[in-house]
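The stops below are meant to be selected in order.

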Amino acid sequence: MINSLKYISTRGSAPELSFKDVIFEGLASDGGLYVPKHWPCLSNELIDSFSSMTYQEIAYEVISPYIDSTLSDEDLKAIIKKSYSCFDNTEITPLTKLDNKNYLLELYHGPTYAFKDVAMQFISQLMNFYLNENKQSINILGATSGDTGAAAIEGFKNVKSAKIFILHPYNKISEVQRKFMTTIKSENVFNIAIKGSFDDCQNIIKKIFSDNDYKKEKSLTAINSINWSRIMCQMVYYFYTLSRIKSKDKKVLFSVPTGNFGDILAGYISKKMGLKIDMLNIATNDNDILTRTLMTGRHQLQGVIETTSPSIDIQISSNFERLLYDITQDSNYVSNLMNELKRTGKYTLKENDLITMRKSFCSYSVSEEESANIIKNTFEKYKVIIDPHTAVGLSSAQKCDKEYDIMITLSTAHPAKFKDTVSNLLHNEEFITKKVSNILKLDENMTILDNDIDVVRNFITGNI
Ligand SMILES: *Cc1c(COP(=O)(O)O)cnc(C)c1O
């Protein structure tokens, strides 16, 4: 590949990096997020040809423009092949047609039953490749609202040259989510339960990473949704979806249950790369900060509300910064907004930027009651069992005030991962797979720590 797409920080004062460095760097040294200098475009002919390609072949075409000569075509293909060999469906992300208009994109066929596997399997293979090549080792640090952690631990459990530390909010994720992480027995895996919220976990990680000396000294790498390669892998299934549905001349909406804004951002970038998407719906639960932002232009933090869709119980939506940068192309402005958010807990978008945003995004929030109702209705009407996050996506899509011919809801988790919520509503337990019942019986490994950066840092230092 003679590609040399470079990456820059959304805040403008971190060094320009190559693909490989971006993957290991995680958060930029100026506190910003890395984005490619420009979006590669795929031709219509190429996108049309995806209809006869496998998921893995499409992945190669979508991902390769972002990669440079540090990875040969053969190596990239081998990494893609390995990454998706552990999925339990040959389509990788199969589509379920509910009716002539509504589809579910099932993103939960990976080893930990949530869409995070799609990216995390790839990243662990990719990092393993680079580490082996350079005989290096790293320490991975991440915060999880429930699903990222499991996917990361599953991906890295056999990577000898990496240790992995995952923070999750103590008692605030489902039992199945927790056990997917804490029952993996591997010497390089450290589960840390923080007495606080997901945002607290994320703040601790951000603070640890903001100490550049510590980060260098300990070879720290972030794998949460700020890592560029996660967004990159998630674009693939938007292309895959429209290669499997006849959507020419049709108006297409994707509805995405949204927390950290990574999954939906991947849809936005797919659109920038040439995929014909008319609208992206930011589906939120009671934690509706992005819905309010789209409606009023005011981005204002409130407390985190606990819901039955915990993976999107988030106030600080990190990847939204990448969208702000893309729309404004002004790193000074983005820096100022982010500083203001940190200082005052809010910022207001310029009218023009809001108008631009609304051309690609709409947003509707879903109450707990609406979420419960749609889980019941979807089962009664279609005999399809959905998890509470998918329910938020589907219910939110139905609130859209414009007409779309095709509405695809991203089904981000397997219902068994939230079995209590779902079985209480449906009085049915058939969807609880053997894998989940088995995991529930296994012993757990985790350390409970205070919501205090020094305590966490000491723990990490002591275990590296
Ligand atoms: C992580 C997650 C989301 C939110 O994705 P973001 O990229 O953070 O917006 C939605 N649903 C489930 C089940 C998740 O695990």
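This is a predicted model: local features need pLDDT of at least 70, side-chain atom pairs count only at pLDDT 80 or more; totals for chains, interfaces and linings use all residues.

**Stop 1: the parallel sheet**

Begin by selecting the 5 strands that form an open sheet in the order S8-S5-S6-S7-S15, with parallel pairing. Its edges are strand S8 (220–222) and strand S15 (447–449), each of which pairs on one side only. On average, neighbouring strands of this sheet are turned by 25° against each other, direction ignored. Next, select helix H8 (residues 198–210), which packs on the sheet and touches strand S5 (138–143), strand S6 (162–169), S7 and S8. The direction of H8 makes about 145° with that of S5.

Ala193 has Ile448 in S15 as its bridge partner.

**Stop 2**

Why can S6 be described as largely enclosed by the rest of the structure? The reason is that 7 of its 8 residues are buried.

On one pairing, S5 and S6 run parallel and are joined by 6 bridges; for Ile138, the bridge partner in S6 is Ala162. S6 also pairs with S7 in the parallel sense, over 6 bridges, and here Ile164 has Val189 in S7 as its bridge partner.

S5, H6 and S6 make a right-handed β-α-β unit. A right-handed β-α-β unit is also made by S6, H7 and S7.

**Stop 3: helix H7**

Select helix H7 (residues 175–182) next. How many of its 8 residues are buried? The helix is mostly covered, with 7 of the 8 buried. These buried residues are Val176, Gln177, Arg178, Lys179, Phe180, Met181 and Thr182. To see what they pack against, display helix H6 (148–156), S6, S7, helix H18 (419–426) and helix H19 (434–441).

**Stop 4: the mixed sheet**

Move on to the other sheet of this tour. Here 6 strands form an open sheet in the order S3-S4-S14-S9-S10-S13, and the pairing is mixed. Strand S3 (95–97) and strand S13 (361–365) are the edge strands, each pairing on one side only. Neighbouring strands of this sheet are turned by 25° against each other on average, direction ignored.

Select helix H10 (residues 228–244), which packs on this sheet. H10 touches S3, S4, strand S9 (252–257), strand S10 (279–284) and strand S14 (406–411), and its direction makes about 140° with that of S9. Then select helix H15 (residues 351–360), which lies across S10 and S13 and runs at about 80° to S13.

Lys97 stands opposite Tyr103 in S4.

**Stop 5: the ligand**

Finally, select the ligand and the residues around it. Which residues are closest to the ligand? Of the 15 residues that surround it, the closest are Lys116, Asp147, Gly259, Asn260 and Thr412.

- Lys116: an N or O atom in its side chain is 2.6 Å from an oxygen atom of the ligand.
- Asn260: a polar backbone atom of this residue is 2.8 Å from an oxygen atom of the ligand.
- Asp263: a backbone N or O atom lies 2.9 Å from an oxygen atom of the ligand.

How values were computed. Residues are numbered from 1 along each chain as its sequence is written. Side-chain values use heavy atoms; hydrogens and water are left out. Two strands pair if DSSP finds at least two bridges between them. Helices (H or I, at least four residues) and strands (E, at least two) are DSSP runs, numbered from the N terminus. Axes are lines fitted to C-alpha atoms, for helices over the stretch in contact, and angles run from 0 to 180 degrees between N-to-C directions. Contact means heavy atoms within 4.5 Å. Buried means under 20% relative accessible area, exposed over 50%, partly exposed in between (1.4 Å probe, protein chains only). A crossover is right-handed if, with the strands pointing away from the viewer, the path from the first strand over the helix to the second runs clockwise. A residue is near a molecule or strand if one of its heavy atoms lies within 4 Å of it. A polar contact is a pair of N or O atoms within 3.5 Å; within protein, one must be able to donate a hydrogen and the other to accept it, and residues adjacent in sequence count only if both atoms are side-chain atoms.
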